[in-house]
There are 2 protein chains.
Amino acid sequence: MSEERLVTQITPKSEDFSRWYVDLIRRAELADYAPMKGMMVIRPYGYAIWENIQRLLDKRIKDTGHINAYFPLFIPESFLRKEMEHLKGFAPEVAWVTHGGDDELEERLAVRPTSEAIIGYMYSKWIKSWRDLPVLINQWANVVRWEKVTRPFLRTTEFLWQEGHTAHASFEEAQAETLLILEMYREFVETELAIPVIYGQKTEREKFAGALATYAIEALMSDGKALQMGTSHNLGQHFARVFNIRFEDNNQDLQYAWQTSWGVSTRLIGALVMAHGDDSGLVFPPQVAPIQVVIVPISVGNWRETVLPVATEIKNNLKNAGLRVFLDDRAEYTPGWKFSEWEMRGVPLRLEIGPRDVKNNQVVACRRENQVKITLEITGLETKVKELLAEIQRAIFDKALSFQKENTYEVEDYKEFKSILEEKRGFIKAFWCGSEECEAKIKEETMATIRVIPHPQGEQKKGRCLYCQKPASIAAVFARSY
Amino acid sequence: MSEERLVTQITPKSEDFSRWYVDLIRRAELADYAPMKGMMVIRPYGYAIWENIQRLLDKRIKDTGHINAYFPLFIPESFLRKEMEHLKGFAPEVAWVTHGGDDELEERLAVRPTSEAIIGYMYSKWIKSWRDLPVLINQWANVVRWEKVTRPFLRTTEFLWQEGHTAHASFEEAQAETLLILEMYREFVETELAIPVIYGQKTEREKFAGALATYAIEALMSDGKALQMGTSHNLGQHFARVFNIRFEDNNQDLQYAWQTSWGVSTRLIGALVMAHGDDSGLVFPPQVAPIQVVIVPISVGNWRETVLPVATEIKNNLKNAGLRVFLDDRAEYTPGWKFSEWEMRGVPLRLEIGPRDVKNNQVVACRRENQVKITLEITGLETKVKELLAEIQRAIFDKALSFQKENTYEVEDYKEFKSILEEKRGFIKAFWCGSEECEAKIKEETMATIRVIPHPQGEQKKGRCLYCQKPASIAAVFARSY
């Protein structure tokens, strides 16, 4: 991520997926490299997506009874040390503040890699009685993880996210919360980002440092690799014991609280690029697209007098109807240049309007995701555009779902497993005996990991472990991943 | 801010203003102390105010043509060193990251105290031609300043803010932007926070490190001290020269860009407490109150069957009308306890409803800011409540404006100046010769500083300098300040 090359042409997706990804992100001005290792600047066009994600997800977080708060950026080293499992998981990735002004600090401060420790400490002060439970708090914040290998949006030293932290009176309540959030994430990602996901539990090896159980949603990117899109952890009483979060129950006995934590991040923007993009560039689902409709006037003859006023009126009508619209009336670019520019930038719907269209009271609408053009009457355009955008949203999801189905395999034989990974990648369903050794060997030999153990497991068949061939009852989903 | 004392009773405002302020913030659960020096946790009730501020101000920022983006948390030390004036201003307050994981960094990273340096660097890459101007970007972010003396919301090691950073083709454009934002802040603070402000230019001594000119809005808190509420800087070409932000103008000549920066922070929440609060607790203007209306059912007899259903219906109707409502149906507290609790928490309007009220199809409405009670018919309650909230908003502003007027003095004599500061504080208008020496002496002897030189200056009289008695043409506003 230290590369400073100027992007003029985007490497074709089919030629080099990774390069296509970063070229596109920079050329479309979603993000740019910052001059510090592994850090990026989220440019306005990319940040607008994050604002849409925040707005749509924050509503769901609040509708399920959660409230927002803000906890400190810094966490004393001793707090992380209180919880060795957690510390071990994050220590190699922590950025340490050692000086305030000219003075060396008595104790180093971690720039938060996640906030369980500081929030656990505060909860121990706030929670005294069963009346104080549940505590259902979320925060929108930046976090820092000192990553060795970085890629814009997918893995950056600093990223933006939301982290929910809840406390409950029982295991059952905490487990219900964990699964409620998993389902909230699934519904959000499928509905708004138009990305179909699989979901379920992580293995012991892949779970969050300090959690009892980690659940995740995972999606298939268009290169056949999996991307973890969000996680929901049942923390059990682990952090409650470390930070002494206790409450007096109905019988006046002191009990440790049961906790959960959960988060999604700006990584979701990278997922949008990789799940839907094509050789012409980005393809944004209307629900989160920074611009939903771009209007391109055909600049011939006295278009400023004839076409532009009509285009402006259309823009205003669409805006008033609540749509995100941009009228590209720049004189210094041709309509053809604008067409490919806005295709590259993934705007779901383009309206073209020229002198003849004005006479005929019509516009030509071009859908980004399938390049199909249709003619629409200007009268009542708002309604038709809204319908069309809903249709585009569905079409983008359906296409991604077809891709996921076509690239999901059920495998019993390890050789077949390996050859699918070599040739096609995708999700591979296979039985696993549950041993960490088999899991590790598979990863070592194929670079594939267990993405999730689907939850619930559904009609329970039994089979043989993909690796050791011993009887196995766990149906797992494997993939290579980001 | 390291104090861990449990707050059960709030110190009366008249007795000890500072203690009243922190007691109230903790007792009302706006914020709590974090276990690190000078840091706080913004609790949900306080954070809800910030969310309201963000929503209302973000709309104004966007309506004036700005867009949001996100720049990195860390700034390389060498970037700050490029600009010595700026560095000198911030160096004593910078938190330094020296280690990533186990490795010492080659170059220390500053946790951003403000983002001119990193944004200047990025703008130098993005701005090439007059066509790229103006750049009108804002970010919502956290910043860190290692302060020696801290107080919740007013001055904390970490705080939340928005920082606008713009680039323009000429001095005139940059100056127009600087004043546009000053006016936007004034209108926002007066309209939404109901706090009247004075506004104008800062002196050389008080201006932002690296700016050509700093403008500010300032308000009088109810202890007679001034609080800086927001600043708007014309940066001139200073940072453009340092970071080489150049554009090709119409004549293909290379020019340095002209810049501005501007911000308001979570300090505004502290201002709300200090400007409007009284001995009964917080007084929030309806526009930013976390809860605008609290409904307290009078829990007598079979109130759960008779009163509660009506109260619930009222809550739903008010919610559907777009209001922020809380129905306090907790059985473990008495109505009387709830009355004073919600008064302390500053809810602008309380609706009381008992069995007799239900029979009479009415509620008793009690205004927080003046404690006046009136009876309202339940039919059509939404409209009446909205009108009442608008009236309360105006009344809170008018009260603060009267206070400001009563505590603004025009003074020619230095002795009188000193005695006003000792006895009453407030804003003091006086002439100043413009010398830094007089300014410094006044501060040394009275702890008062020039808050602003009102802009525009209005009908220009001439007088004599408050301190040196030489002829002076600058009409300045002095005050002791936070």
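Me: Do helices α2(A) and α8(A) cross in a left-handed or a right-handed way?

Reply: The crossing of α2(A) and α8(A) in this predicted model is right-handed. The residues that make the contact are Gly46(A), Ile49(A), Trp50(A) and Ile53(A) on the side of α2(A), and Leu268(A), Ile269(A) and Leu272(A) on the side of α8(A). Sorted by class, this contact has six nonpolar residues and one polar residue, with no charged ones.

Me: Why are α2(A) and α8(A) called roughly perpendicular?

Reply: Helix α2 (residues 44-63) and helix α8 (residues 267-276) of chain A pack with an angle of about 110 degrees between them, and their axes are 10 Å apart. Angles of 65 to 115 degrees count as roughly perpendicular, and the pair is therefore given that description.

Me: How do you know that the two copies are related as by a two-fold rotation axis?

Reply: Chain B is superposed on chain A by a rotation of 180 degrees, with 0.0 Å of shift along the axis and an RMSD of 0.0 Å. The relation between the copies is thus that of a two-fold rotation axis. Among the residues of chain B, the one whose C-alpha comes closest to this axis is Val97(B), at 2.1 Å.

Me: What makes you say that the copies meet through the same surface?

Reply: Of the interface residues of chain B, 100% are also interface residues in chain A, so the surface used by the two copies is the same. Chain B contributes 42 residues to the contact and chain A contributes 42 residues. Strand β5 (residues 95-100) of chain B supplies six residues, the largest share of the side that touches chain A. By class, that side of chain B holds 30 nonpolar, six polar and six charged residues.

Me: What makes β5(A) and β5(B) a strand pair?

Reply: At least two bridges between strands are needed for a pair, and β5 (residues 95-100) of chain A is joined to β5(B) by five, in the antiparallel sense. Trp96(A), for instance, has His99(B) as its bridge partner in β5(B).

Me: Why are β16 and β19 of chain B described as edge strands?

Reply: The open sheet has five strands in the order β16-β15-β17-β18-β19 (chain B), and its pairing is mixed. Each of β16 (325-327) and β19 (373-377) has a single partner strand, so one side of each lacks a neighbour in the sheet. From one strand to the next, the twist averages 25 degrees. Within this sheet, β17 (residues 349-353) and β18 (residues 362-367) of chain B run antiparallel and are joined by four bridges, with Val364(B) as the bridge partner of Glu352(B).

Me: How do you know which helices pack on this sheet, and against which strands?

Reply: Helix α9 (residues 303-320) of chain B touches β15 (293-297), β16 and β17, while helix α10 (residues 335-344) of chain B touches β15 and β17. The direction of α9(B) makes about 170 degrees with that of β15(B), and for α10(B) the angle with β15(B) is also about 170 degrees. Angles over 145 degrees count as roughly antiparallel.

Terms used:
Residues numbered from 1 in each chain as written. Chains lettered and ligands numbered in written order. Predicted model: local features only at pLDDT ≥ 70, side-chain atom pairs only at ≥ 80, totals over all residues. Least-squares fit on C-alpha atoms with pLDDT ≥ 70 in both. Contact = placed C-beta atoms within 7 Å. Helix = DSSP H or I, 4+ residues; strand = E, 2+ residues; numbered from the N terminus. Nonpolar A, V, L, I, M, F, W, Y, C, P; charged D, E, K, R; others polar. Axes fitted to C-alpha atoms, helices over the stretch in contact; angles between N-to-C directions. Parallel < 35°, antiparallel > 145°, perpendicular 65-115°, else oblique. Left-handed = near helix turned anticlockwise from the far one by under 90°.
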